[in-house]
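Q: Could you walk me through this structure, one feature at a time?

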Amino acid sequence: MITGDGEGFDIAMASAGTYASMQDLYAKWPEFAEWAAAEATSQPSGAFDPNDLEAPSPAPRQVFAVGLNYLDHISEAGLQVPDEPAVFTKFVSSLAGPHCDVILPSGNVDWEVELVVVIGKVTRTVKAQDAWSHVAGLTVGQDISERDLQLVGNPAQFSLGKSFPGFAPTGPVLVTPDEFDNPSDLEIGCYLNGEQMQKARTSQLVFPIDMLIEKLSAVLTLYPGDIIFTGTPAGVGAVQSPPRYINAGDELVSYIEGIGRLTQNFRNSSSKRMIG
Ligand code: ZN
């Protein structure tokens, strides 16, 4: 748990193993949140290395992602505002921590910075007005997408093209909703090699977090630790003229105000052949 700039304390140690893993912690989230609020002032803090941070929810049962959820992105894609959220998944094997190398598959790899919600309670048929009490916290995500595979087929099924290893980095931390002045209005953006590609506010979501939880939980049960990628704003590479995609050697930095940033470095799979 982070208590200051580059400082924090080890929850597993401080709780004497009650919350030994992130999954334990989500399974008991309301109780954990109370414990953490009390412990935050009494635990000694120490420095940690930001490079050691892993995904805030490393093994969710379910990963949801929402397409076409910012008006400016819908219009840059030349599409209609959907009547219902356009929901797909990124398979769990694509999850990664906040700072990682990503091997580029063949095709056209694009960026999509997104606000990611982590669920903190079993959630079934919850109305929007009660939805925030089911949120453990918010984090930054990248819905990295290989556009050729994403758009194969008619109708296209997005999930595989968005699920190569490392295509779902999240982090660097989970921020509980009470830590924000307004958790529904945060600046979000990303940079490719230092050039800003996306910049928006999460208040522009067509289906905001509370509505997404209402819509998803009307159909299925959301479990503690489940994550929801809430959609990306304008500025993806595929719609630029000419299109721009990620190349080997590129660095992608994604951020959300009040949470932090992700850094992904891209490379080709080693093409060196062993000659012996
Ligand atoms: Zn997306």
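A: Happy to! Let's start with the sheet: seven strands form an open, mixed sheet in the order β5-β4-β15-β9-β10-β12-β6. Strands here are DSSP runs of E with at least two residues, helices are runs of H or I with at least four, and both are numbered from the N terminus. Two strands pair if DSSP finds at least two bridges between them. This is a predicted model, in which local features need pLDDT of at least 70 and side-chain atom pairs count only at pLDDT 80 or more, while totals for chains, interfaces and linings use all residues. Residues are numbered from 1 along each chain as its sequence is written, and side-chain values use heavy atoms, leaving out hydrogens and water.

Q: Which residues coordinate the zinc ion?

A: Donors are N, O and S atoms within 2.8 Å of the metal (3.2 Å for Na, K and Ca); water is not among the atoms, so sites may look incomplete. Here E112 (OE), E114 (OE) and D143 (OD) coordinate the zinc ion at 1.9 to 2.1 Å. E114 lies in strand β9 (residues 113–119) and D143 in the loop between β10 (135–142) and β11 (145–146), so this pair ties together parts 29 residues apart in sequence. Both E114 and D143 are buried, where buried means under 20% relative accessible area, exposed over 50%, and partly exposed in between (1.4 Å probe, protein chains only).

Q: Which peptide bonds are cis, and where is a positive phi found in a residue other than glycine?

A: Most residues other than glycine have a negative phi, and most peptide bonds are trans. In this model, the bond from N154 to P155 is cis, with omega near 5°, and P155 lies in the loop between α6 (147–150) and β12 (168–175). Another cis bond runs from S241 to P242, with omega near -5°. As for phi, A16 has a positive value near 50°, and L68 has one of about 50°. A16 is exposed, with a relative accessible area of 71%, whereas L68 is partly exposed at 21%. L68 is found in the loop between β4 and α4 (71–76).
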